[in-house]
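Thanks for asking me to look this one over.

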Amino acid sequence: MKPFMDEDFLLQNETAKALYHDHAEDLPIIDYHNHLSCREIYEDKNYESITEVWLGGDHYKWRAMRGNGIPEEKITGRDTDPYERFKSWAATVPQLSGNPLYHWTHLELQRYFGISEPLSEKNAKEVYETANRMLAKDDFRVRNLLLGMKTEVLCTTDDPADDLEYHRKLKEEEKRFSVLPTFRPEKAMGIGKEDYVSCIKRLEEAAGVEIESADDLLKALVIRLDYFCEAGCRITDHSLEGGIYQPVTREEANGILKKALSGQRVLPDEEVKFKGYLLCALAKEYHERGLVMQLHIGAMRNNSQRMFKRLGPDAGFDSQDDFGYARELSALLNEIDRGEALPKTVLYCLNPKDNEMLASLMGNYQDGSCPGKIQLGPAWWFCDHKSGMERQMQTLMEYGVFSRFIGMLTDSRSFLSFPRHEYFRRILCNLVGEKVEAGEYPCDMDFLGQMVEDVCYYNAKEYLSL
């Protein structure tokens with residue numbers, strides 16, 4: 001019987017152990033997609049309790065707790081005693097066999113707090129008090145949490161109308177790591193949303209442009225894009241849900257926007273056309289500036305309207321969609337590529353059934369301009385468990401050029417989430433080690449070691465031109 005989560009956790013063969021300990025373990029982290037608060041980094045916050053940092057906004061944990069029969073007030077209830085909420089999580093953890101939350105929880109306890117005992121309701125009080133004593137120290141301020149995990153670059157997720165105040169201040173003050181904004185024009189493209197007009201007004205104010213047409217909207221977004229680039233932006237992000245692309249003329253796009261701004265209902269097909277129009281135009285702007293475009297595909301959001309009204313978005317009521325989109329996505333990429341204006345692009349699927357489709361489709365748009373121009377994004381959200389990561393990497397090995405893969409990200413709202421990179425690196429090394437030990441690949445440790453280092457760190461650094 002192997003020890004619980006020891007130094008060789010997940011490393012099932014000697015090649016894997018050598019690759020991880022000699023090549024992956026000590027590399028810095030480039031976390032190119034997360035939802036962390038730049039303000040909290042700038043203010044170098046001390047958290048009041050482990051409840052705040054673990055349960056303050058982590059909808060992964062909230063979902064698990066609901067599934068374990070924990071009442072909502074002990075999950076998201078701000079008026080509930082913090083220890084009671086923590087104890088509810090501690091009571092849930094032992095029930096999560098096979099869930100990545102089980103491994104992430106214990107990696108975080110080990111790496112940040114030196115606690116190696118499995119968490120349960122029995123030791124909840126002791127763990128809570130130990131962690132809280134440590135979190136109160138200067139060594140556990142947010143910036144030191146990042147430095148302790150060798151974080152070199154992290155890319156937050158930001159709306160074009162955001163002033164990026166804390167990104168600019170942090171850039172001037174902090175030289176040990178970089179926090180870069182990500183341009184995510186989700187609200188400006190969400191033409192079917194109830195609050196769309198107010199979102200456009202906010203963008204007008206930020207860009208100094210009156211928006212009455214699709215051309216005006218694009219002008220405002222480009223002004224803000226340049227503002228983001230001045231603040232260090234290297235990557236953009238779009239969430240594609242439902243319909244992805246339908247051809248549309250400029251006149252049609254203008255008509256659809258005018259319809260929305262006048263308060264009329266925008267039809268689903270019109271929404272798809274308008275989003276596609278903007279995305280094609282923005283992609284060309286990304287290409288001109290050497291930016292990376294991320295396309296996160298397949299979330300079905302806010303399924304429980306009852307809980308959405310109670311808690312709002314991003315509260316743990318989203319799931320995988322199962323629609324087919326190969327032809328629409330290819331049409332979108334083809335339209336952008338017509339003018340040789342397709343930027344570096346990362347394609348993520350939330351439903352793992354789409355791994356193979358995306359892996360084959362991305363080959364249509366590799367053009368030799370750089371290694372791995374079109375990427376199969378790492379296992380994301382509902383897929384970032386052990387088998388999900390293995391499946392994504394296995395697919396990329398079989399369909400693409402694996403050595404050019406840009407590796408893992410946290411997609412997290414928690415400053416204790418960075419051991420997820422370790423989790424990925426261990427799984428990566430074990431998968432490669434299995435191939436070698438099965439005689440499927442030669443044991444050239446110089447090449448393998450460099451490949452592992454590239455996937456864990458160097459590829460992302462080069463791909464984002466950091």
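1. Which helix gives the largest share of the lining of the second largest pocket? Helix 19 (residues 419-437) does, with five residues. Please keep in mind throughout that this is a predicted model.

2. Staying with that pocket, the volume comes out at about 230 Å³. Its lining is made up of 15 residues, and those nearest the centre are Tyr20, Glu25, Arg111, Met149 and Glu422. Sorted by class, the lining holds seven charged, six nonpolar and two polar residues.

3. Next, a helix pair to look at. Helix 1 (residues 14-24) packs with helix 20 (residues 445-463) at an angle of about 60 degrees, and the axes are 10 Å apart. Helix 1 is therefore oblique to helix 20. As for handedness, the crossing of helix 1 and helix 20 is right-handed. On the helix 1 side, the contact is made by Thr15, Ala18, Leu19, His23 and Ala24; helix 20 brings Met445, Leu448, Gly449, Val452, Glu453 and Cys456. By class, the contact of helix 1 with helix 20 has seven nonpolar residues, three polar and one charged.

4. Now for helix 5 (residues 82-92) and helix 7 (residues 124-135), whose axes come within 10 Å and cross at roughly 125 degrees. Helix 5 and helix 7 are therefore oblique to each other, and their crossing is right-handed. Helix 5 makes the contact through Pro82, Tyr83, Phe86, Lys87 and Ala90, while helix 7 uses Ala124, Lys125, Val127 and Tyr128. What classes do the residues of this contact of helix 5 with helix 7 divide into? Seven are nonpolar and two are charged, with no polar residues.

5. One further pair deserves a place in the note. Helix 17 (residues 355-362) and helix 18 (residues 386-399) pack at an angle of about 35 degrees, with 10 Å between their axes. The crossing of helix 17 and helix 18 is right-handed. Asn355, Glu356, Ala359, Ser360 and Met362 of helix 17 meet Arg391, Gln392, Thr395, Leu396 and Tyr399 of helix 18 in this contact. The contact of helix 17 with helix 18 divides into four nonpolar, four polar and two charged residues.

6. The contact of helix 5 with helix 7 has no polar residues, whereas the contact of helix 17 with helix 18 has four.

How values were computed: Residues numbered from 1 in each chain as written. Predicted model: local features only at pLDDT ≥ 70, side-chain atom pairs only at ≥ 80, totals over all residues. Heavy atoms only, no water. Axes fitted to C-alpha atoms, helices over the stretch in contact; angles between N-to-C directions. Helix = DSSP H or I, 4+ residues; strand = E, 2+ residues; numbered from the N terminus. Parallel < 35°, antiparallel > 145°, perpendicular 65-115°, else oblique. Left-handed = near helix turned anticlockwise from the far one by under 90°. Contact = heavy atoms within 4.5 Å. Nonpolar A, V, L, I, M, F, W, Y, C, P; charged D, E, K, R; others polar. 1 Å grid on protein atoms, 1.4 Å probe; cavity = no way out; pocket = protein on both sides within 12 Å on 5 of 7 lines; lining within 4 Å. Points joined across faces, edges and corners; volume = space filled by probe spheres on them.
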